[in-house]
Amino acid sequence: MTIIDVDHDILAKRDVLISRLEQILPSDCLLCHEDQLRPYEADAQTMHKQTPMAVVLPETTEQVSATLALCNELGIKVVPRGAGTGLSGGALPLADGVLIGLAKFNNIVDIDYDNRCVVAQPGVTNLAISDAVRDDGYYYAPDPSSQIACTIGGNVAENSGGVHCLKYGLTTNNVLGVEMVLMTGEVVRFGGKHLDADGYDLLGVITGSEGLLGVITEVTVRILPEPETVRALLLGFNSCEDAGACVGAVIAEGIIPAGMEIMDRLTIDAVEDYCHPGYPDAEAVLIVELDGPAAEVDYLIERVTALAEENSATSISTSQSEEERLRFWQGRKAAFPAVAQLRPDYYCMDGTIPRGKLPEVLARMSEMAAEKDLLVANVFHAGDGNLHPLILYDANVPGEMAKAEELGAEILKLCVAVGGVLTGEHGVGTEKRDLMPEMFSEADLEHQQRVKCAFDPEGYLNPGKVFPTLHRCAELGRMHIHRGQVPFPDLPRF
């Protein structure tokens, strides 16, 4: 078959699809024209772009179900999308696929203080959940830097973290249940307010599955009472290596802060110019936040201060008010937009390493950046070793974007080589897809794909993401479980 034949086939299929979708969706929920599709051509990882065949913006679970069932019938691929703040190309569209955006699923369904949980649609922003319960003394712990824009559905898809994930965990530790629509249009639920404890942990499988298993239409999350006292220390150091050594010393002492974040000199200077948080003149700053009863926080501040002094801190400041604590965090929260002043483009990486390897990895990253003649601004979740080096480049300079991608791949390989992993919270998407063999054997990857086959036997959901080599489910000896059917019925039950 020639390429022209394939194009005609796609166009014919598109015409049928659009005609049928117009019967399912209101007119303002279906986008087909090029100028309407352009805003959806990439997520926040903008190195690669693709215009989708069509964009669907459903308003109800029934519309999602009908759309997926139709795409499944016609053999059309589907890419789910939240707010588009993802940084790994996980929501990169397909020219022969439909993009389903969940932006109109933006209501909080229930606030249940007795069970300390909130039920929200996937288009509700991360910060909106905390805002909804703040007046009653509660909050939602995971707090990605993009929390003002990123949505809870996207957080579940990528297993997002944030500055407070050290103590309170990632999204997977704070999600109690989801409602999800399978590619067939079937609506299923996993977990709930009381988090079902029996059977396989399918909720754990879904969290972080990057849209490969289904489209999430509702999320139940755990909320926590706000701590009695929250204070932060702002510590200056002569190097990132010294700051990293201090992180290790604090954790080794048995202290688990609410958050620990490091920024290097390049980032410090950028945020000072951008929002003036008043950081010290240092090669690196470490922010350590402590929360809990007042007496406990006072004691821990003394211990962390002593450890900082033992690890060559050049300056130590402790927040004396809530305003000062928020000022300490202001620069960290603004780090990504701040570095945009330094170069027209940046490539945000996401790898995780053992905390004890921080000094070694930071030093090696500096050498690697110098070899590529590129600048790297370091800002990361130091407490759990989740690195976010920002590789600065100018896409208008021939070859610079390719160099940035090469450096990013080398950094991720380094993370794996020292005992770390390819991602901490941004996901694999297309960005890290071809690096998966650095971490997993072929057998590992085949078993992961078998899980996808159980949910999506034809492979229509978000294809081309996560797995470097796609296998047909039949090749893997797939097992697809339909509701009401028991796998391996001839085997004895115990």
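Helix α13 passes helix α14 in a right-handed crossing, where a crossing counts as right-handed if the near helix is turned clockwise from the far one by less than a right angle, and as left-handed if anticlockwise. The model is predicted, so that local features need pLDDT of at least 70 and side-chain atom pairs count only at pLDDT 80 or more, while totals for chains, interfaces and linings use all residues. Residues are numbered from 1 along each chain as its sequence is written, and side-chain values use heavy atoms, with hydrogens and water left out.

Two packed helices are described by the angle between their axes and the distance between the axes. Helices here are DSSP runs of H or I with at least four residues, strands are runs of E with at least two, and both are numbered from the N terminus. Axes are lines fitted to C-alpha atoms, for helices over the stretch in contact, and angles run from 0 to 180 degrees between N-to-C directions.

Helix α13 (residues 358-372) packs against helix α14 (residues 400-417) at an angle of about 155°, the axes being 10 Å apart. That angle makes α13 roughly antiparallel to α14, given that angles over 145 degrees count as roughly antiparallel, under 35 as roughly parallel, 65 to 115 as roughly perpendicular and the rest as oblique. On the α13 side the contact (heavy atoms within 4.5 Å) is made by Val361, Arg364, Met365, Met368, Ala369 and Lys372, and on the α14 side by Lys403, Glu406, Leu407, Glu410, Ile411 and Leu414. Sorted by class, this contact has seven nonpolar, no polar and five charged residues; Ala, Val, Leu, Ile, Met, Phe, Trp, Tyr, Cys and Pro count as nonpolar, Asp, Glu, Lys and Arg as charged, and the others, Gly among them, as polar.

Helix α13 also meets helix α8 (residues 240-252), the two axes coming within 8 Å and crossing at roughly 160°. Helices α8 and α13 are therefore roughly antiparallel to each other, and their crossing is right-handed. Cys240, Glu241, Gly244, Ala245 and Val247 of α8 make this contact with Leu358, Pro359, Leu362 and Ala363 of α13, which by class gives seven nonpolar, one polar and one charged residues.

Helix α8 packs in turn with helix α10 (residues 294-310), at an angle of about 140° and with the axes 9 Å apart. That makes α8 oblique to α10, and α8 passes α10 in a right-handed crossing. Here Cys246, Ala249 and Val250 in α8 meet Val304, Leu307 and Ala308 in α10, a contact with six nonpolar, no polar and no charged residues.

| Helix pair | Angle | Axis distance |
|---|---|---|
| α13 and α14 | about 155° | 10 Å |
| α8 and α13 | roughly 160° | within 8 Å |
| α8 and α10 | about 140° | 9 Å |

**Residues in and beside these elements**

Glu371 lies in helix α13 and counts as exposed at 58% relative accessibility, where exposed means over 50% relative accessible area, buried under 20% and partly exposed in between (1.4 Å probe, protein chains only). Asn378, in the loop between β18 (375-377) and β19 (379-381), is buried, with a relative accessible area of 6%. Leaving aside residues up to four places away in sequence, Asn378 touches Ile262, Met263, Asp264, Thr267, Leu362, Met365 and Pro389.

**Aromatic pairs**

A search of the whole structure finds four aromatic pairs, a pair being rings of Phe, Tyr and Trp (its six-membered ring) with centres within 6.5 Å, and planes under 30 degrees apart counting as stacked, over 60 as edge-to-face and the rest as tilted. The rings of Phe190 and Phe455 have their centres 6.5 Å apart and their planes at 55°, so this pair is tilted. Phe190 in strand β9 (residues 187-191) and Phe455 in helix α15 (residues 442-455) are 265 residues apart, and the pair thus links distant parts of the chain. Phe190 is buried at 16% relative accessibility, and Phe455 is buried at 12%.

In another pair, the rings of Phe336 and Tyr346 have centres 6.1 Å apart and planes at 70°, so the arrangement is edge-to-face. Phe336 counts as buried at 15% relative accessibility, whereas Tyr346 counts as partly exposed at 28%.

**Positive phi**

Most residues other than glycine have a negative phi. Arg116, in the loop between β5 (108-112) and β6 (117-120), has a positive phi near 50°. Asn159 likewise has a positive phi, of about 55°, and is buried, with a relative accessible area of 16%.
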